[in-house]
Amino acid sequence: MKMAILGAGAIANKMAATITKMDEVEAYAIAARDLDRAQAFAEAYGFTKAYGSYEEMLADEAVDLVYVAVPHSHHYKMTKLCLEAGKHVLCEKAFMVNAEQARDVLALAKSKKLLLTEAIWTRYMPSRKIIDDIIARGEIGEVTSLTANLGYELSQIKRIWDPALAGGALLDVGVYLVNFARMVFGEDMTSVSSYAVFKDGVDMIDSIVMTFEGGKTATMQCNVNAVLNRTGCIFGTKGYLEITNINNPEEIKVYNEEYQAVRTYAVPEQITGYEYEVEACVRAIESGSLECPQMPHAETIQVMEIMDGIRKSWGYEIPVLE
């Protein structure tokens with residue numbers, strides 16, 4: 001299956017470093033707005049084709065699957081472009097700027113009978129099942145609450161600090177927190193509240209509290225102006241588990257009610273962690289499915305709706321690219 005990357009920024013480089021080591025796909029084409037940049041990228045990773053425009057790459061009939069790696073603000077336009085060209089799409093998170101855009105592109109994909117899925121990598125990783133199994137076995141008793149944080153010092157990254165690029169903490173790192181809480185507690189959310197600190201027109205620090213059926217509560221913070229420890233903790237009636245780096249779990253440790261570490265679960269070795277979402281796309285396409293079970297379309301829309309509601313509670317609306 002020939003895979004192409006649309007955009008040649010940092011995240012595109014990480015995906016290229018992944019798929020060049022995979023057997024399931026061929027690192028076939030790269031497109032950037034500048035041909036020299038695309039050619040340098042193709043040479044660095046051994047891609048077959050380099051294009052100086054997105055439209056030119058999408059006209060290549062050999063391309064099967066496109067990874068959309070442009071800033072959030074451009075996901076909607078570029079995803080539509082890919083679908084109109086008849087290509088299956090793996091779109092980087094956050095999927096779109098808002099739920100309206102998400103519903104629109106997912107409807108288009110369905111009408112075209114094409115796969116479209118969100119590249120929220122934590123949904124596809126083996127660590128998700130490890131955590132689910134620990135909870136299902138009752139190792140920490142009945143789960144009642146969780147805490148999590150995720151943050152990086154990203155003040156030099158233009159897409160983070162530019163409102164026109166749909167910048168801010170929520171779409172970049174907060175989306176992982178919302179997904180983390182829903183992966184643990186499910187879809188029966190009863191309320192969400194949030195507070196944000198703004199600078200230069202974007203949210204820098206977000207505090208989010210989500211409650212679920214039965215009073216289960218997730219208390220979380222994200223930040224794009226500080227280095228947080230990225231730890232997630234899930235608390236139960238008989239103990240708790242601690243996840244090192246919720247953005248790409250490295251170790252999962254179980255503690256008993258005496259606060260003693262009783263078990264440690266290692267996470268399987270990986271290329272970068274991106275391979276799992278690509279593998280899921282390949283399986284879905286080969287089976288004729290239009291979505292990946294790890295991140296169903298309904299869940300993608302629900303997460304976007306939650307983030308829309310959070311921003312509405314702040315009185316903030318992201319400028320939308322026409």
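K113 counts as exposed at 63% relative accessibility, where exposed means over 50% relative accessible area, buried under 20% and partly exposed in between, for a 1.4 Å probe and protein chains only. Phi of K113 is near 60°, a positive value in a residue other than glycine. This is a predicted model, in which local features need pLDDT of at least 70, side-chain atom pairs count only at pLDDT 80 or more, and totals for chains, interfaces and linings use all residues. Residues are numbered from 1 along each chain as its sequence is written, and side-chain values use heavy atoms, with hydrogens and water left out.

**Backbone and loops**

- K113 lies in the loop between α5 and β6; helices (H or I, at least four residues) and strands (E, at least two) are DSSP runs numbered from the N terminus.
- Most residues other than glycine have a negative phi, and most peptide bonds are trans.
- D200, which is not a glycine, also has a positive phi, of about 55°.
- The loop between β8 (189-199) and β9 holds D200, and D200 is exposed, with a relative accessible area of 59%.
- K93 and A94 are joined by a cis peptide bond with omega of about -20°, and A94 lies in the loop between β5 and α5.

**Helix α4**

- Helix α4 (residues 75-84) has H75, M78, T79, C82 and L83 buried.
- These residues lie on the same side of α4, because they cover an arc of only 135° around the axis; the arc is that of the directions from the helix axis to the C-beta atoms.
- An α-helix has 3.6 residues a turn, so residues three or four places apart point the same way.
- The buried residues of α4 pack against β1 (2-6), α3 (54-58), β4 (65-68), β5 (88-92), α5 (99-112) and β6 (116-119), with contact meaning heavy atoms within 4.5 Å.
- G86 follows α4 and has a positive phi, near 80°.

**Helices α5 and α10**

- The axes of α5 and helix α10 (residues 297-314) come within 8 Å and cross at roughly 160°; axes are lines fitted to C-alpha atoms, for helices over the stretch in contact, and angles run from 0 to 180 degrees between N-to-C directions.
- That makes α5 roughly antiparallel to α10, given that angles over 145 degrees count as roughly antiparallel, under 35 as roughly parallel, 65 to 115 as roughly perpendicular and the rest as oblique.
- In this contact, A99, A102, R103 and L106 of α5 meet H297, I301, M304, E305 and D308 of α10.

**Aromatic pairs**

- The whole structure contains 9 aromatic pairs; rings of Phe, Tyr and Trp (its six-membered ring) pair if their centres lie within 6.5 Å, and planes under 30 degrees apart count as stacked, over 60 as edge-to-face and the rest as tilted.
- One of them is the tilted pair of F185 and F212, at 5.3 Å centre to centre and 50° between the planes.
- This pair links distant parts of the chain, with F185 in helix α8 (residues 169-185) and F212 in strand β9 (residues 202-212), 27 residues apart.
- Both F185 and F212 are buried.
- The rings of Y240 and Y255 are stacked, because their centres are 4.7 Å apart and their planes are at 5°.
- Y240 lies in strand β12 (residues 239-244) and Y255 in strand β13 (residues 251-256), so the pair ties together parts that are 15 residues apart in sequence.
- Y240 counts as buried at 17% relative accessibility, and Y255 counts as buried at 14%.
- F235, Y240, Y255 and Y259 are linked into a cluster by ring pairs.
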